[in-house]
Each structure stands twice: as C-alpha cells, then as structure tokens.
Amino acid sequence: MLAKKVLFILLSSLLVSVTAEARDHADVLLGSPNGLALTPPMGWNSWNKFACNVNEKLVRSAADGMASSGMREAGYSYIVIDDCWQGERDHAGNIQADAKKFPSGMKALSDYVHSKGLKFGIYSDAGTKTCGGFPGSRGHEFQDAQQYAAWGVDYLKYDWCNTDTQDAQSSYLTMSQALQASGRPIVFSMCEWGNAKPWLWAKNIGNLWRTTSDIVDAWDYMHPKGWSMGLLHIIDMQADLAPYAGPGHWNDPDMLEVGNGGMTDSEYRAHFSLWAMFAAPLIAGNDLANMDAATKAILMNQEVIAVDQDPLGVAGSRIWKDGDAEVWSRPLKGGGRAVILFNRGKEARTIQVTWDQLNYPAGLPAKVRDLWQHTDLSSAKGHVGAVVGGHAVVMLTIKP
Ligand code: GLA
C-alpha cells in the first residue's frame with residue numbers, strides 16, 4: 001500500500017514537472033502583441049531594388065506581379081512600400097502621401113492591392129525623420145496609426161533613424177499600442193537593426209524585429225562601420241537567436257535579395273534556404289514584374305517555403321561547423337527535421353549529419369527528401385551526407 005502511495009506521489013510530481021516544462025516552453029514560443037503573424041509574414045518590399053524610387057505605378061505593378069506570377073498562391077501576401085512615400089504633414093498634423101508619386105492617394109492604392117487578394121503595408125520611423133529624411137512618427141504615433149488604419153494598412157515597418165536619445169523599448173511600445181488602438185489588425189515590423197537586442201524584450205510588442213543592419217546583395221561584404229553587410233555576416237548573427245522566435249514574434253534577418261543580380265543562383269538558393277531555416281519573414285525585394293525563371297523557381301520553391309512556414313514555429317540553429325562546412329537544423333511539426341548542409345567555401349566538399357546531432361532517434365530509419373532537387377533519397381538510417389558545391393546548400397527534410 002505504502003509502495004503504491006510512494007509510486008503515485010512520484011508519478012504525479014513527475015507529471016507536474018513535465019507539464020511545467022511544457023508550459024515554460026509554450027510561454028517562450030507563444031506571444032504575439034496582436035494575434036497576427038503566427039507563421040512568418042511573406043510579401044514584397046520596395047527598398048532592396050527600388051530604394052527611394054517609389055510611386056503608385058511601381059506598387060501596382062508589384063501587386064500585379066505577385067498576383068500573376070504565382071507568388072500569391074505560393075503564400076506571399078504583403079505589398080509593402082518602404083521609405084520615401086511621404087509628403088508633408090497637413091495643418092492638423094496628419095501625414096500625407098507625396099502627391100506627385102501617389103496622385104491617386106494611399107486609400108486608392110490600398111484598395112487596388114486588396115482587390116488583388118493581397119495585403120497592404122507601409123513604412124515609418126520612430127524618430128523625427130525617416131532614414132530618407134521624410135517626416136517620422138515621433139509625437140504623432142496615435143495619429144499616424146489612425147491614418148494608416150483609415151487607408152487600410154495591414155503591415156507597418158517602423159525604422160529607427162533620427163531617434164537621438166529615444167529609448168527603443170518604449171518607442172516601439174508606443175507605436176505598438178497606437179496600432180492596437182487603431183482597431184485594425186496591423187502586423188508590426190520593428191526595424192531597429194538589433195541595436196538594443198529586441199529579441200530579449202519585443203515578443204509582445206512587435207511581430208518581427210530586425211536582428212542586423214541592412215542586407216547588401218553580396219555573399220561576403222561588411223561595411224567598414226557595420227552599417228550594412230552581405231549574406232555570410234547576417235547568417236552568423238542568427239546562430240544564437242533561434243530560442244527567441246516563435247509564432248507571432250520572429251527574428252528578421254532583413255529582406256530577400258533573391259533576383260537582384262549581386263549573387264549567383266546557387267548563392268540565392270543558399271540565402272532562401274537559410275531564411276527558411278531561421279523561420280524568417282520571406283519578404284521578396286526584387287522586381288516582381290520582371291523575374292527570370294531561376295528567380296521564380298527559388299522564390300516559389302514550395303518545399304522550402306513549407307519549412308519556413310512550419311506551424312511548429314521553432315527556428316533553426318547551427319548544430320555543427322568545421323571551417324567552411326556547416327550543418328543547420330530545425331525541428332518540424334510531426335517529428336521531422338529540416339537540415340541544411342551549407343558550404344561557405346569555393347570548393348565542393350562532402351558534408352554529413354548524424355541522427356545523433358539532430359537529436360533524432362538513432363535507430364529510426366527516415367525518409368530523406370532533397371528540397372531543391374525535389375526528389376526522395378533512399379531511406380537512410382543513422383546519418384546522411386552529400387557533396388555540396390561551392391557557395392551552395394543541400395537542403396533536406398528527414399521525416400519518420
Ligand atoms: C533603413 C532600413 C532599411 C530601409 C531604409 C529606408 O536603412 O534598415 O531597411 O528601410 O532605412 O531609408
């Protein structure tokens with residue numbers, strides 16, 4: 001009798017600690033200021049390709065391109081105008097679009113984007129001026145949020161230029177609250193470049209936060225002052241950030257450069273694969289009206305997109321590194337793993353991963369699929385490897 005009682009106590013305390021652990025884990029993962037972006041947002045933003053050359057014709061053509069190319073069906077939905085759309089504030093302080101660039105006005109443009117079955121996004125800045133020198137939202141947060149809602153805005157990217165001594169956390173919180181007070185569901189994209197480590201505090205403020213300064217369309221580049229960087233540097237900066245991402249709140253290693261011409265197709269495949277590994281927002285930054293076949297094949301690789309959008313929402317980590325060879329992995333819903341064998345170097349090399357490294361049951365045979373070749377490899381047990389070309393990835397799923 002006593003033994004039974006002891007066993008019961010033991011079992012129930014075990015149960016309590018298991019549930020507590022599960023709850024802690026869920027608490028880390030869940031968290032969204034507004035219930036939005038339960039998978040990483042997918043869309044397009046004007047900045048990487050067009051910088052300040054934005055106007056309503058360009059934005060309409062991007063919406064047309066997204067709708068006609070198959071990108072909309074592939075899961076992309078947000079059409080986001082970055083900096084330089086703003087005119088002056090009116091006498092009441094309301095922000096207005098530049099009437100030369102946007103003669104039909106923002107509401108008409110937003111209606112057009114919505115008519116294509118897409119969502120509409122816009123850009124502002126927490127400081128007095130945007131990075132391009134246009135009016136920022138400082139002191140106008142609630143007024144601007146109301147204006148965006150009236151225009152039908154679904155997504156706000158909020159930059160960090162000209163913020164002087166402002167505190168990042170309270171500045172982003174103010175706009176987050178302003179968006180919620182607007183009554184319209186608006187995804188909040190924080191563009192603070194990772195300066196104040198937003199992954200530590202922004203889970204209930206924004207849906208995504210930039211983790212680095214600006215991406216440059218290059219494999220390996222670093223601005224002398226760190227103000228922008230190429231792919232490899234951005235990738236390295238994501239290596240320890242996986243625990244901070246989850247449904248509703250994502251690390252944002254900046255927008256995609258796929259199709260912009262500064263890297264080879266193989267390098268762009270690596271770029272896209274790793275962003276999916278990070279559970280990063282997939283925000284295309286190219287000219288959607290003019291995409292070659294290779295660009296389309298990368299941006300619309302449904303198997304890689306499925307990894308990015310995996311409902312479990314656990315981001316991937318670097319689990320092994322030997323010089324230029326790396327292995328990255330993330331758990332998928334249903335017990336599988338997504339794996340990237342990543343070769344940063346110029347020469348091809350063989351890269352291998354063991355089930356052990358993946359925390360995958362060692363004796364369990366697995367179905368292995370190559371997400372770029374779109375082929376099933378023969379069922380593997382214990383390990384899998386491949387020859388990976390220079391500046392390339394092999395991306396696999398390993399599933400029970
Ligand atoms: C900053 C941001 C970029 C872009 C520009 C616009 O540099 O990090 O993504 O929005 O401003 O001026």
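1. The shell around the ligand divides into 5 nonpolar, 1 polar and 6 charged residues. Note that the model is predicted. The shell is made up of Trp47, Asp82, Asp83, Tyr123, Cys131, Gly132, Lys157, Asp159, Cys191, Trp193, Arg210 and Asp214.

2. On placement: the ligand sits in the largest pocket.

3. Asp214 has a side-chain N or O atom 2.5 Å from an oxygen atom of the ligand. For Lys157, a polar side-chain atom lies 2.7 Å from a ligand oxygen. For Trp193, the distance from a polar side-chain atom to a ligand oxygen is 2.9 Å. On its own the ligand has 310 Å² of accessible area, and the protein covers 92% of that.

4. The largest cavity has a volume of about 70 Å³. Its lining consists of Asn45, Val80, Tyr155, Lys157, Ser189, Cys191, Arg210, Asp252, Asp254, Met255 and Ile283. By class, this lining holds 5 nonpolar, 2 polar and 4 charged residues.

5. Gln238, Leu241, Ala242, Asn251, Phe278, Ala315 and Gly316 form its lining.

Notes:
Residues are numbered from 1 along each chain as its sequence is written. This is a predicted model: local features need pLDDT of at least 70, side-chain atom pairs count only at pLDDT 80 or more; totals for chains, interfaces and linings use all residues. Side-chain values use heavy atoms; hydrogens and water are left out. On a 1 Å grid over the protein atoms alone, a cavity is a set of points where a 1.4 Å probe fits but cannot get out, and a pocket is an open set with protein on both sides within 12 Å along at least five of seven lines; lining residues have an atom within 4 Å of a point. Grid points are joined across faces, edges and corners, and a volume is the space filled by probe spheres set on the points. Ala, Val, Leu, Ile, Met, Phe, Trp, Tyr, Cys and Pro count as nonpolar, Asp, Glu, Lys and Arg as charged, and the others, Gly among them, as polar. A residue is near a molecule or strand if one of its heavy atoms lies within 4 Å of it. A polar contact is a pair of N or O atoms within 3.5 Å; within protein, one must be able to donate a hydrogen and the other to accept it, and residues adjacent in sequence count only if both atoms are side-chain atoms. Accessible areas come from the Shrake-Rupley method with a 1.4 Å probe; for residues, only the protein chains shown count as cover. A molecule sits in a cavity or pocket if more than half of its atoms lie within 2 Å of its grid points.
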